[in-house]
Amino acid sequence: MLKNYVRIAWRNLVKSKIFSFINIFGLATGIAVAMLIGLWIYDEVSVNTHHKHYSTLYQVIMHQTTDGVRHTNRGMPLSMGDELKGRFADFEGVAMCDWGGRHSLSYGDKRFSKEGYFIGEEAIDMFSFKVLNGDNHPLHDPYSIVLTEETAHTLFGEENPVGKIVKLDNAHDLKVTAVVAAQPKNATLVFDLLLPWQLQENINPNIKIYKDNWGNYSWRTFVQLNDHADPGTVNAKIKNIILDHFPGDQLVINSKPEVVMFPMSKWRLYADFENGVNTGGFIKYIRMFGVLGLIVLVIACINFMNLSTARSEKRAREVGIRKAVGSLRKQLMGQFLVESLFIAVLAFFMALGITAISLPYFNQLTEKTMSLQITNPYFWGIMMVFTVLTGLLAGSYPAFYLSSFNPVKVLKGVHRVGPGGALPRKILVVTQFACSVILMIGTIIVYQQIQHGKNRPVGFNKSGLIAVNYSDDINRNFEPLQQDLLNSGAVVSVCKTNSPPTEVWARQSGWEWKGSQQNDQLIAFPTIATEYDYTKTLGIKIKEGRDFSRAFATDSSGVLLNEAAVKRLGLKNPIGEVLKWNGAPRTVTGIVPDMQMESPFQQVSPLMIVFFKGWVNQLCIRMNPGMSASEAISRIKPVFDKYNPSFPFEYKFADEEYARKFNYEELVGSLAAIIAVLAIVISCLGLFGLATFMAEQRTKEIGIRKVLGASVMNLWQMLSRDFLVLVLTGCAIAIPIAFYIMDNWLKQYQYKIHIGIWVFMLVLVLSVVVTLLTVSFQAIKAAIANPVKSLRTE
């Protein structure tokens, strides 16, 4: 029987090629979109799950109240690891870790710049880094180094790297003790090399001064609980570990510092905190695109339902004859469900092809390296279930509808689909277009919000500005390097800073000002450390006062404030005002505009720019605006090769880095736009199919009307009117829903657009135009047909 059902299904597909193509292609497109989004969601939710101890790994974080707000800090004191291991027996492992950075590696005449971490020796077992070659405990020796397989091959080729000596940052000889497998690109800790935690203290003696400083939160702490430890109980034990080191300090007591463990399972998707409460994070994008993928799939299924039920009269006589010869309704339902499953299977294989072709472009858009898991049996199992569910969803209504026909009426030729029979189909069309309109409105508003952020004044000139990582060689040779850069003609200004132009890497507390309260010392203000020529290099226009100057020795204790800082500190005449930073006086020498160095969609934070020698992480370089970037770089590179030989010359353009701030919003906008276009295409395919069938159904009616004098315009209006009413109804339902959804989406931004009525009018007009263009082809074709051909049998 099943074989017979499949044979009938195939005959029906071949018999109605246009409808078959629309059905299969529409459904395949919906499945392909759902498949691509499913791959993306899987890639996101599987972050870090490759770690063997995924369920017992945590990062130690702290909630603390400053300026009346509960903040969450992921940085910990330097001695936190030793404290946890020494006081508590609940931990299987504890590892301190820095925030990562680039290091030069040299071997023979080879030199490369690679990303790595200083990390505790227990991290290898905690994070189950797979050792491919060498010692299973490779970070025990303070002068060792662990390389990934790719980095080892880059340095040593086919040689065995274990035991070889490499030079780190042109200063320290380290022995390769192990080669580990590279981490997935979506992992939290992605690296080219790992360095022993003890090495950091050995090569940087200044770090040791923080051993007993429990107020400096500059490092990360990772822990692994043992099998018998309860996370809630352990959190209660470590809650006051910071307070224990400040007995009687009312300032710290008032801030209520609370140390807690944050599970690895939440690092990627639930990373946001508000007033000390975990409020979500990237999971909102997972949910958003999951819903969007489902919407496109539902739209494709609606197409199938509409076209199947619209063609009911073509199948009515077949149903009548089958019922007359004894077929039961459940048998007919089974036949129609098998047909829909057959179409779903064909659509699935077409969707696989569409997905395979689209995946490289989708990877480029999402900056991922996803692949179809065609060798994974779980993939095929999931896809089989998915395809069956899709087929059942798409075929359920047609199966119930077609199998309900009365055989007597059908065989007498008096069966007609009345208004009640067409109502479900109209509801489906309205639903289909309502979803498409919501997507269109959402896409336009997301685009507007992105452009709103991009058009916001930045406060500095990001064009022609590059940043280079600082190094010991640059520090030793800074004066001649700076002079040679200026003499090259490619550079007009150079400055040192602790942060790149588009970010602020430090927040410092301990500030006092006129009228401040004791608790204000706990406020951690974004802080930029620099020396001379900072505003000149970044192209910042001073609002009041001046920049730090070599002509004033007192500027070594100076500070620049942005406008937000002046407002926050309540300074009426800020120039010359004396502040205190950790007890040391700082004189305000100038006021700069509010610069967009953090999120372009949030309010600018109060910023302190301090003169601070030695706190340098970046070199900012203003290139000659009269010279092309490529020419300027070609002149700058030899200077760095001369004075910074340990590192290959690497740089970042400030404008490109600033553009990265819009990555998530642009991803949302791009995917929403693609999904909206596909939803509209699928909907239009359905409308085209329905219009075609309606024209076929009403061929004789159109012929009679033409004989009685109806014009082509009259017939076009008659055939288009019903579809236009359905689409306008869909728009009327979609507009308030879209407004509600997008208004809530915009609430996450402090700097945002106001939704204008023109957006809804534009989408309304576009919907009408697209509908008329889709339907008009068949309507006009039917209207201009020769009535003699349609009436010759009457």
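**Exercise 1.** Is Met384 buried or exposed?

*Solution.* The model is predicted: local features need pLDDT of at least 70, side-chain atom pairs count only at pLDDT 80 or more, and totals for chains, interfaces and linings use all residues. Residues are numbered from 1 along each chain as its sequence is written, and side-chain values use heavy atoms, without hydrogens and water.

Step 1: take the classes, which are buried under 20% relative accessible area, exposed over 50% and partly exposed in between (1.4 Å probe, protein chains only).
Step 2: Met384 has a relative accessible area of 57%, so Met384 is exposed.

**Exercise 2.** State how many disulfides the structure has, and examine Cys495.

*Solution.* Step 1: a disulfide is a pair of cysteine sulfur atoms within 2.5 Å.
Step 1: searching the whole structure gives zero disulfides.
Step 2: for Cys495, the nearest cysteine sulfur belongs to Cys620 and is 4.5 Å away, and Cys495 is in no disulfide.
Step 3: Cys495 counts as buried, at 1% relative accessibility.

**Exercise 3.** Find which residues of helix H5 are buried and how they are arranged.

*Solution.* Step 1: in H5 (residues 149-156), the buried residues are Thr151, Ala152, Leu155 and Phe156.
Step 1: viewed down the axis of H5, these residues fall within an arc of 105° (taken from the directions from the helix axis to the C-beta atoms), so they line one face of the helix.
Step 2: just after H5, Gly157 has a positive phi of about 65°.

Definitions and conventions
Helix = DSSP H or I, 4+ residues; strand = E, 2+ residues; numbered from the N terminus.
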